[in-house]
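Me: I have a structure open here and would like to talk it through with you. Could we start with the pockets and then move on to whatever else comes up?

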Amino acid sequence: VLEGAGVLLDLHEGLHSVEIDSPPLHFRGEEAPACELLGGPTRDLNLMTQRQAGCATMHRAAPGVDFHARSALRALFCANAARLQIDGHDACAIAPYTLLWADGGAQGRWRLHSEVDPPRAWWMSFEPAAEA
């Protein structure tokens with residue numbers, strides 16, 4: 001949840017409240033959960049992939065902690081302004097609601113710096129499935 005009070009999702013295993021400080025909730029898209037707003041409009045972030053295409057991950061970015069994904073694609077989504085460093089060097093300023101990504105097995109240590117604590121930012125990675 002990026003903005004708003006959050007949502008209540010009705011999944012096969014039960015109800016899940018997802019609020020602004022909740023970690024990403026992983027579930028199968030075919031579950032098509034019922035969704036109830038907890039207090040008005042909510043803006044959320046979703047990472048969706050086709051299961052047979054490969055493996056995707058998403059987790060909250062922590063300030064001062066390096067992101068070392070060695071996957072084919074890695075990304076950073078920031079809901080607030082921030083700054084990205086790669087291998088200890090300033091790489092770019094990030095405007096709110098921006099997605100940065102690198103493909104081709106990008107290397108280097110990514111680190112997020114933000115005036116917002118905790119930052120509203122998420123690391124993502126995707127590794128394609130091996131060819132059959």
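**Pockets, core and loops**

Reply: This is a predicted model, and in it the second largest pocket holds about 220 Å³ of space.

Me: Which residues lie closest to the centre of that second largest pocket?

Reply: The second largest pocket is lined by 13 residues, and those closest to its centre are Leu-47, Leu-73, Ala-75, Met-124 and Phe-126.

Me: And which elements give two or more residues to its lining?

Reply: Those elements are S5, S8 and S10, with S10 providing the largest share of the lining of this second pocket, namely three residues.

Me: How does that lining split by class?

Reply: The lining of the second largest pocket has ten nonpolar and three polar residues, and no charged ones.

Me: OK, now the largest pocket. What is its volume?

Reply: The largest pocket has a volume of about 940 Å³, and its lining is made up of 29 residues, with Leu-25, His-26, Phe-27, Leu-47 and Met-48 lying nearest the centre.

Me: Which strand gives the most to that lining?

Reply: Strand S4 does, with five residues, and both strand S1 (7-11) and strand S4 (54-60) supply at least two residues of the lining of the largest pocket. By class, this lining comprises 17 nonpolar, eight polar and four charged residues.

Me: Stepping back, how many helices and strands does the chain have?

Reply: The chain has zero helices and ten strands, and its C-alpha trace spans about 45 × 45 × 20 Å along the principal axes. Of the contacts in the chain with a separation of 6 or more, 66% are accounted for by residues 24 or more positions apart.

Me: How much of the chain counts as buried?

Reply: Of the 132 residues in the chain, 30% count as buried.

Me: Then which residues of the largest nonpolar core touch the most other members?

Reply: That core has 14 residues, and the ones touching the most other members are Leu-76, Cys-78, Leu-84, Ile-94, Trp-110, Leu-112 and Trp-123. At least two residues of this core come from each of strand S5 (73-78), strand S6 (82-86), strand S8 (98-103), strand S9 (110-113) and strand S10 (121-128). There is also a second, separate core of seven residues, with Met-58, Phe-77, Trp-122 and Met-124 among them.

Me: Changing topic, where is Ser-22 found?

Reply: Ser-22 is in the loop between strand S2 (14-18) and strand S3 (34-37), and its side chain reaches the backbone nitrogen of Glu-19 at 2.8 Å.

Key: Residues numbered from 1 in each chain as written. Predicted model: local features only at pLDDT ≥ 70, side-chain atom pairs only at ≥ 80, totals over all residues. Heavy atoms only, no water. Core = buried A, V, L, I, M, F, W, Y, C linked by side-chain atoms within 4.5 Å. Buried < 20%, exposed > 50% of the residue type's maximum accessible area, 1.4 Å probe, protein only. Helix = DSSP H or I, 4+ residues; strand = E, 2+ residues; numbered from the N terminus. 1 Å grid on protein atoms, 1.4 Å probe; cavity = no way out; pocket = protein on both sides within 12 Å on 5 of 7 lines; lining within 4 Å. Points joined across faces, edges and corners; volume = space filled by probe spheres on them. Nonpolar A, V, L, I, M, F, W, Y, C, P; charged D, E, K, R; others polar. Polar contact = N/O pair within 3.5 Å; in protein donor to acceptor, adjacent residues only side chain to side chain. Contact = heavy atoms within 4.5 Å.
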